[in-house]
Amino acid sequence: MGRERLFNAVILLALLAVPLMAWQMDEPFVITLATKVAILALAGVGLNIALGLGGLVSLGHAAFFGIGGYAMGILASHAQNYEPLFNWPFVFEGSNQMPLIWLVAVLASATAALVIGALSLRTSGVYFIMITLAFGQMLYYFAISWSAYGGEDGLSIWVRNEMPGLNTLVPIQFFSVAFGLLCLTLWISSRLAQSAFGLALSAARQSEDRVQTVGLAPFKLRLMAFVISGAITGLAGALFADLNRFVSPTMLSWHTSGEIMIFVILGGVGRLYGPLVGAAVYILLEHLLGGISEYWQIFLGLLLLGMVLFARGGLIGALLGREVAHD
Amino acid sequence: MTDLVLQVHNLCKSFGALKASNDVSLDLRPGEIHALIGPNGAGKSTLIKQISGGLQPDTGRIEVLGQDVTALDTVARARMGLGRTFQISSLAMEFSVLQNAVLGALGARRARGGRLGLFHNVMKDADLLASAQEALSRVGLEQAAQQRTADLSHGQRRQLEVAVALTLKPRLFLMDEPMAGLGASGSKDLTTFLDSLRQEAPILLVEHDMDAVFALADRISVLVYGSVIATGTADEIRNNPEVRRAYLGEEELT
């Protein structure tokens with residue numbers, strides 16, 4: 001169906017083909033770049049549920065990204081030091097198993113999103129932006145002062161965590177993990193957008209009165225969206241920290257929130273594959289222009305300015321036009 | 001016990017020095033159309049907002065189906081069976097016409113205790129579609145179902161407002177100027193339709209189209225400067241000297 005679906009398939013195949021070719025040609029750095037694109041896209045897919053579907057301009061998604069990262073860092077560092085994370089009700093020495101780390105990252109970031117969302121969704125517009133930003137910065141400064149886990153210097157782990165059946169130290173295998181999770185969340189996100197919940201959430205973005213008048217509560221819809229959104233971004237955070245084998249307060253900073261938002265805006269707000277296109281373009285620019293000038297973000301700024309002025313639908317909107325009402 | 005569908009008791013609402021609702025009382029009986037008329041700025045919209053739950057009155061009480069709803073919000077009142085249409089269209093403009101109607105059907109499902117699905121394609125839900133399509137065909141919008149709502153004419157948006165309210169299968173309707181901008185034939189069609197609708201659920205109708213009001217209303221209340229100055233049948237209102245002076249002016253009423 002439709003050009004957008006074809007376009008999406010091409011983009012996804014390209015993301016798969018590039019690292020496979022790099023693997024054949026023995027270019028691990030390119031594989032790592034593709035892995036980074038997949039993980040950052042995953043973070044954007046999370047934000048896009050709040051921003052695109054729900055119209056919630058959250059400038060605090062770094063909080064969830066960072067919580068996912070620290071979930072990885074804390075569990076893995078304990079597993080490597082053999083120092084129990086806690087002794088009661090049972091002795092738990094952390095974990096270097098990715099599935100468990102992901103579960104903790106998702107639960108922790110979902111819980112944070114529930115609390116932050118419950119407080120900030122009582123506001124709207126610019127106040128919502130500011131309050132989510134404030135929560136993000138709160139966690140950022142907390143992480144800086146949390147010396148048990150590296151404080152300002154961050155926390156390194158020596159070896160990448162393990163995934164049953166795979167050797168995650170091999171770049172292409174770790175890529176396949178990130179790619180698989182990206183596909184899974186893209187699928188979840190597309191189902192969500194087409195669901196009754198998605199319809200109601202999207203309606204709440206367009207007309208709050210309308211949704212209330214048919215007897216649906218916008219606050220609950222948005223809170224649900226915010227929690228799902230935060231959980232996915234948290235999962236991306238755990239993967240990102242695993243990619244770098246390092247987590248630091250930078251992951252929690254508002255600069256990170258802005259970057260995740262740039263992926264979404266660049267690709268196309270509310271478009272299923274917007275975050276993937278945005279993250280890919282961002283990483284490409286970073287490495288093509290970054291080689292020419294360390295001020296490459298000037299070009300990113302120009303691109304973003306151009307998008308906002310002339311192509312509000314992002315790159316996908318510019319290429320494919322307005323989204324057709326889904327059937 | 002009472003069988004009145006809606007009762008408004010001594011409602012007061014002020015904005016600073018302006019008394020938008022000044023001790024307003026009115027009610028709605030089963031099977032009737034009760035029209036609320038008044039000049040611009042008389043406080044009709046403020047009153048409608050208080051009844052629907054969008055605005056809290058300063059004092060006074062509102063009962064729906066015998067239950068005090070004054071402290072309830074819009075969502076709770078909608079779930080109790082209050083179906084509202086807006087003066088200024090509040091439809092989801094990016095949606096197709098059908099999607100807007102499905103949203104209403106979804107609200108009705110939720111009010112019956114159903115859940116919103118997270119995974120199933122809502123536009124393939126046979127029950128919701130049937131309910132939405134039925135409502136669209138009742139207002140004559142079945143041909144426009146796949147159109148984008150933003151592309152509808154003003155009159156069609158009014159029809160869709162009514163259709164969405166229909167999907168809720170409400171116990172009473174609150175309609176804020178459904179005829180506005182409809183044109184002669186459109187407003188005649190809607191008049192015929194509302195006439196038949198009163199058997200399903202009574203209607204509190206705010207309307208400027210006097211032909212429609214006099215054709216439809218079992219009772220008319222006249223609101224001037226926030227106060228109800230008269231309530232009665234069409235004839236009583238036509239012949240009420242105070243109403244003539246305050247609102248209808250010297251205009252000849254036939």
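This note goes through the predicted model point by point.

1. Conventions. Residues are numbered from 1 along each chain as its sequence is written, and chains are lettered from A, ligands numbered from 1, in the order in which they are written. This is a predicted model in which local features need pLDDT of at least 70 and side-chain atom pairs count only at pLDDT 80 or more, while totals for chains, interfaces and linings use all residues.

2. Chain A against chain B. 22 residues of chain A are in contact with 32 residues of chain B (contact: C-beta atoms, placed from the backbone, within 7 Å). On the chain A side, the elements giving two or more residues are H6 (171-194), H7 (196-206) and H8 (208-213). Helices here are DSSP runs of H or I, at least four residues, numbered from the N terminus. H7(A) gives the most, six residues. By class, this side has 10 nonpolar, eight polar and four charged residues. Nonpolar means Ala, Val, Leu, Ile, Met, Phe, Trp, Tyr, Cys and Pro; charged means Asp, Glu, Lys and Arg; the others, Gly among them, are polar.

3. Domains of chain B. The assignment gives domain 1 (1-81 + 170-254) and domain 2 (94-168); the bounds come from an automatic or database assignment. Their centres, taken over C-alpha atoms, are separated by 26 Å. 11 residues of domain 1 of chain B are in contact with 11 residues of domain 2 of chain B. On the domain 1 side, H2 (74-80) and H6 (183-197) of chain B each give two or more residues. H6(B) supplies the largest share, four residues. That side divides into six nonpolar, three polar and two charged residues.

4. The core. The largest nonpolar core has 176 residues (buried Ala, Val, Leu, Ile, Met, Phe, Trp, Tyr and Cys joined through C-beta atoms within 7 Å; buried means 20 or more other C-beta atoms within 10 Å of a residue's own, with C-beta atoms placed from the backbone). A:Ala38, A:Leu42, A:Ala71, A:Ala200 and A:Leu235 have the most contacts inside it. Helix H2 (residues 28-53) of chain A gives the most to this core, with 16 residues. Both domains of chain B give residues to this core, so it lies between them. Beyond its neighbours within four places in sequence, A:Leu42 is in contact with residues including A:Leu181, A:Ile232 and A:Leu239.

5. Helix H1(A). This helix (residues 2-24) has 23 residues and reaches 33 Å from first C-alpha to last, close to the expected 33 Å (1.5 Å times one less than its number of residues). Its buried residues are A:Asn8, A:Leu15, A:Pro19 and A:Ala22. Their cover includes H2, H6 and H11 (274-288) of chain A. Just after H1(A), A:Asp26 takes a positive phi of about 60 degrees.

Note on methods:
Contact = placed C-beta atoms within 7 Å. Buried ≥ 20, exposed ≤ 12 C-beta atoms within 10 Å, placed from the backbone.
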